[in-house]
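Take a moment to look at the sequence and the 3D view, then read on.

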Amino acid sequence: MKSTGRKKIQLLFLNLFFICVCLLALVPILYVFLLSLSSGGGALITGASGTLTLENYRKIILEEPFLRWLMNSVVLSVGTMLLAMGTSVSASYAFSRFRFRGKNTAMQLLLLLNAFPQILSMFAIFRLFRLMNLLDSHAGLIFIYAGSMCIFGIWNMKGYFDSIPIEIEEAAKIDGSGNLQLILRIIMPLARPAIIVTAVMVLIFVWNEYLFATTFMLREESYTLAGGLYQLQANDYSRSWPLFSAAAILVSVPILVIFFSIQKYMVSGLTAGGVKG
Amino acid sequence: MKKTTKSNAWLYCLPAFILIGVIVLFPILYTGYISFTNMNLYHWQDFTFVGADNYIRALGKVDSGFLSALATTLLWTGVNMVLDVAIAYLLAVGLNTEGLRAKRIYKTLLVFPWAMPAYVSILVWRVGMFNTEFGLLNRLLTTLGFDKMDFLSKNTPAFLSCMALNLWMSLPYMIVMIDGGLQSIDRSMYESAILDGAGPWQKNWYITIPSLKKIMAPIVIMTTFTMFKQFDILYLLTMQKGAVSGSTLQTIITYAHQNAFVSNNYGLSSAVSMVIFVIIIAFSLWTNRAAKAERSEQ
């Protein structure tokens with residue numbers, strides 16, 4: 001009896017402790033959320049005098065080029081996803097199914113290339129793109145993003161293709177389906193979870209990228225959401241923290257929704273890959 | 001039949017290889033090429049080869065700033081990794097205490113910083129926490145009767161501020177991973193340990209930590225790379241264009257970036273980039289080897 005009492009007190013303290021930790025984790029987010037609802041040009045929540053308002057959200061959507069940035073982000077995300085997935089699905093399928101000389105070397109080489117932080121070759125890409133006239137264009141950014149996510153896509157999906165038994169394909173082949181048919185009708189549906197998760201990761205990557213987006217896009221109207229948000233807090237004249245906060249919340253919500261809906265898969269997928277490697 | 005599959009295989013890979021070749025491989029080679037030239041703002045087209053001068057300048061001269069940046073990076077990676085793993089371990093073990101019913105709620109709440117877009121988190125901390133006027137930390141300080149403090153203007157406070165933010169951003173991932181690892185440990189080991197009279201410390205030391213080691217090794221290595229390559233936090237907090245905070249803290253990646261895009265020393269920046277690449281390759285080869293050796297031991 002005495003020991004259960006002690007246990008209860010222990011649990012009570014543990015709960016208190018975790019409530020504090022959770023608060024610590026959430027305070028910055030909650031504070032910015034409050035900021036976004038506050039009125040006035042940044043003097044904010046001074047006790048009870050501040051009233052809560054959605055004014056900032058109205059302003060950011062209607063008075064700033066927010067919708068334009070959103071549009072740019074959507075164009076870039078979708079374009080990148082199509083290009084990156086189109087190239088990496090077929091490559092990862094080949095890496096998983098065919099035996100050819102240099103396959104393992106190629107896989108290792110890709111991993112090595114992926115280890116090079118892309119910030120470091122940014123200048124080289126910049127020079128290259130100036131030459132090719134791809135600066136300040138959506139196509140240029142799509143190429144960069146797709147190129148940098150392609151290796152990730154190949155590795156991520158190859159693992160999943162490996163886990164699909166090859167007998168299924170052989171059966172289909174005996175039934176007389178050609179290679180293309182085989183991929184579209186049999187493999188793609190089977191590998192759907194891996195393809196979807198990889199595509200979502202590509203989307204999140206593009207949505208969250210600000211450095212290339214601000215370095216390669218030279219006009220404000222071609223900025224993405226990330227670039228626009230960066231601009232909002234960097235520009236001293238138009239700086240309004242409540243406005244910035246509202247934009248930050250708006251940009252984060254879709255990502256939070258996506259994250260929590262695929263979280264389960266992400267965690268299990270990541271650990272499975274980790275243990276194997 | 002066999003021959004067609006072989007050429008097919010390369011055909012399937014071709015689009016991906018072209019893309020990677022242009023966007024990833026060529027820029028790396030080009031960076032290597034620039035690193036042997038004196039390319040800068042004044043020599044944009046008419047640059048000449050200078051041999052290994054840039055490398056000598058980066059590695060040989062103390063005042064070039066690269067070596068101190070390297071020291072900062074190593075300190076940053078080491079301190080962050082130790083704290084990240086230690087704190088995450090304590091929290092994960094705490095979450096797994098028997099009878100803690102709200103575990104799932106805590107876990108969901110704790111994951112939020114991981115789910116937020118990284119650059120948004122950093123900007124939010126810059127504005128919401130560290131800012132001298134509106135920052136929560138300064139409001140707290142003034143309410144408690146202390147003077148306001150500019151967290152990002154001096155090197156040591158800036159380092160600690162960046163570290164706090166980095167831990168805030170990276171702990172959730174580590175907690176979730178360690179929590180996953182804890183689930184995979186065989187319960188019966190604890191039961192027999194209790195029969196043998198082991199206390200909580202002994203259980204942690206002799207069962208939990210050794211069992212976690214193998215599962216966590218790849219995750220810890222991956223995270224080490226991420227911390228080593230961390231750029232956004234230091235850049236967005238202290239060296240944004242037109243809003244330099246005053247600290248002179250540099251990691252090797254920000255050093256390379258600043259030399260390319262601020263002081264326009266393209267040759268030096270490229271040389272530094274190649275050195276960083278070599279460090280990363282060496283480290284990954286070394287970890288691969290260590291992992292292989294451990295596997296063959298068992």
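Let's begin where the two chains meet: in this predicted model, the axes of H11(A) and helix H5 (residues 118–130) of chain B come within 11 Å and cross at roughly 10°. An angle under 35 degrees counts as roughly parallel, so H11(A) is roughly parallel to H5(B). Two packed helices are described by the angle between their axes and the distance between the axes.

**H11(A) and H5(B) up close**

- On the chain A side, Ala226(A), Leu229(A) and Gln233(A) of H11(A) take part in the contact.
- Their partners in H5(B) are Tyr119(B), Val120(B), Leu123(B) and Val127(B).
- Sorted by class, this contact of H11(A) with H5(B) holds six nonpolar residues, one polar residue and no charged residues.

**The whole meeting of chains A and B**

- Zooming out, 65 residues of chain A are in contact with 67 residues of chain B.
- Several helices of chain A give two or more residues to the side that touches chain B, including H3 (66–97), H6 (138–162) and H12 (241–276).
- Which helix gives the largest share of that side of chain A? The answer is H1(A), with 14 residues.
- The residues on the side of chain A that touches chain B divide into 50 nonpolar, 14 polar and one charged.

**Chain A as a whole**

- Of the 277 residues in chain A, 36% are buried.
- Take the contacts in chain A between residues at least 6 apart in sequence: 73% of them join residues at least 24 apart.
- The domain assignment of chain A gives domain 1 (2–56) and domain 2 (66–222).
- The centres of these two domains of chain A, taken over C-alpha atoms, are separated by 40 Å.

**A helix pair inside chain B**

- Helix H7 (residues 155–183) and helix H9 (residues 200–228) of chain B have axes that come within 10 Å and cross at roughly 160°.
- Angles over 145 degrees count as roughly antiparallel, which means H7(B) is roughly antiparallel to H9(B).
- The crossing of H7(B) and H9(B) is right-handed.
- From H7(B), the contact is made by Ser170(B), Met174(B), Met177(B), Ile178(B) and Gly181(B).
- From H9(B), Leu212(B), Ile215(B), Met216(B), Ile219(B) and Thr223(B) join in.
- By class, the contact of H7(B) with H9(B) has seven nonpolar, three polar and no charged residues.

Note on methods:
Residues numbered from 1 in each chain as written. Chains lettered and ligands numbered in written order. Predicted model: local features only at pLDDT ≥ 70, side-chain atom pairs only at ≥ 80, totals over all residues. Axes fitted to C-alpha atoms, helices over the stretch in contact; angles between N-to-C directions. Helix = DSSP H or I, 4+ residues; strand = E, 2+ residues; numbered from the N terminus. Parallel < 35°, antiparallel > 145°, perpendicular 65-115°, else oblique. Left-handed = near helix turned anticlockwise from the far one by under 90°. Contact = placed C-beta atoms within 7 Å. Nonpolar A, V, L, I, M, F, W, Y, C, P; charged D, E, K, R; others polar. Domains from an automatic or database assignment. Buried ≥ 20, exposed ≤ 12 C-beta atoms within 10 Å, placed from the backbone.
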